[in-house]
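Colleague: I'm new to this one. Please put it up on the screen, and I'll ask as we go.

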Amino acid sequence: MLEKQYPKEVMLKDGREVTLKTTDSGDREALIEFYKDLPAEDRWFIKEDPTKAEVIDAWVINHAEKRAFCVLALYGSRIVAHAALLLRPEGGRRHVGRLRIVLAEDFRNDRLGTWMVFDLVRRAMELGLEKLRADFVVGIEDSAIEALRKLDFFKEGLLRDYVQGPDGRYHDYQIMIKHLHGEWGDF
């Protein structure tokens, strides 16, 4: 299983080494700080407020109870990214997982997000999922949309003027899907 492959080191484009590890309860305070350190414009569209301890606690519990698979990227002792594969272990849509990836501003456009997506795709394949879904706010997360497009995610839907920003302006909401294959060679 993928969790046994952690922690592991990955090399970024600029030569920095980052450690990827799975989330545990000891990461609570560092995760809260990671989200608090993000500019407000980088987190207003996250469905839950990750600067609140109870939200982070729920995310850690979801990982422990296999309702999510969460990966952190550490640069030294600093969390620089948080990624999650959100699962529905019971009920409908068990064949679909959702991705959520957030990177610190100074670690974007350096392939860290790509490393994390690869890990979550591999985990989804191990779990037998058939599809992955990722949702984005158009005009805010355009670089992430483009990055996932290069990894064979495609635009499945667009909800026009669906998300209202803190400034009162409306943004389109794009849903992207990736069909998973049984083998890495099919990626």
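This is a predicted model: local features need pLDDT of at least 70, side-chain atom pairs count only at pLDDT 80 or more; totals for chains, interfaces and linings use all residues.

Colleague: How far apart are the end C-alpha atoms of helix H3?
Modeller: The expected span is 1.5 Å times one less than the number of residues. For the 15 residues of H3 (residues 112–126) that gives 21 Å, and the model agrees, with the end C-alpha atoms apart by 21 Å.

Colleague: Which residues of H3 are buried?
Modeller: Buried means under 20% relative accessible area, exposed over 50%, and partly exposed in between, with a 1.4 Å probe and protein chains only. By that rule, the buried residues of H3 are Leu112, Gly113, Met116, Val117, Asp119, Leu120, Val121, Arg123, Ala124 and Met125.

Colleague: What is the strand order of the open sheet?
Modeller: Two strands pair if DSSP finds at least two bridges between them. The edge strands, each pairing on one side only, are S1 and S7. With eight strands and mixed pairing, the order reads S1-S2-S3-S4-S5-S6-S8-S7.

Colleague: In S2, what is the bridge partner of Lys8?
Modeller: S1 and S2 run antiparallel and share four bridges. Their hairpin has five residues between the strands, with Gly15 at a positive phi near 95 degrees. Lys8 itself is on the covered face of S1 along with Val10, while Glu9 and Met11 are on the uncovered one. Across in S2, its bridge partner is Leu20.

Colleague: At about what angle does helix H4 run to S6?
Modeller: Axes are lines fitted to C-alpha atoms, for helices over the stretch in contact (heavy atoms within 4.5 Å). Angles run from 0 to 180 degrees between N-to-C directions. Helix H1 (residues 28–37), lying across S3, S4 and S5, runs at about 100 degrees to S4. Helix H4 (residues 142–150) lies across S6 and S8, and its angle to S6 is about 155 degrees.

Colleague: How far apart are the ring centres of Tyr6 and Phe69?
Modeller: Rings of Phe, Tyr and Trp (its six-membered ring) pair if their centres lie within 6.5 Å; planes under 30 degrees apart count as stacked, over 60 as edge-to-face and the rest as tilted. This count comes to six aromatic pairs. Tyr6 and Phe69 have planes at 55 degrees, so they are tilted, and the distance between their centres is 6.1 Å.

Colleague: Which residue lies over the face of Tyr6?
Modeller: A charge sits over a ring if NZ of Lys or CZ of Arg is within 6 Å of the ring centre and within 35 degrees of the ring normal. Arg16 does this over Tyr75, with its charged end 5.9 Å from the centre. For Tyr6, at 5.2 Å from the ring centre, it's Lys8.

Colleague: Is Tyr173 buried or exposed?
Modeller: Tyr173 sits in strand S8 and pairs with Tyr162 in strand S7. Tyr162 has 52% relative accessibility, so it counts as exposed. Tyr173 has 11%, so it counts as buried.

Colleague: What is the relative accessible area of His171?
Modeller: His171 also lies in strand S8. Leaving aside neighbours within four places in sequence, its contacts include Trp44, Leu159 and Tyr162. His171 is buried, with a relative accessible area of 9%.

Terms used. Residues are numbered from 1 along each chain as its sequence is written. Side-chain values use heavy atoms; hydrogens and water are left out. Helices (H or I, at least four residues) and strands (E, at least two) are DSSP runs, numbered from the N terminus.
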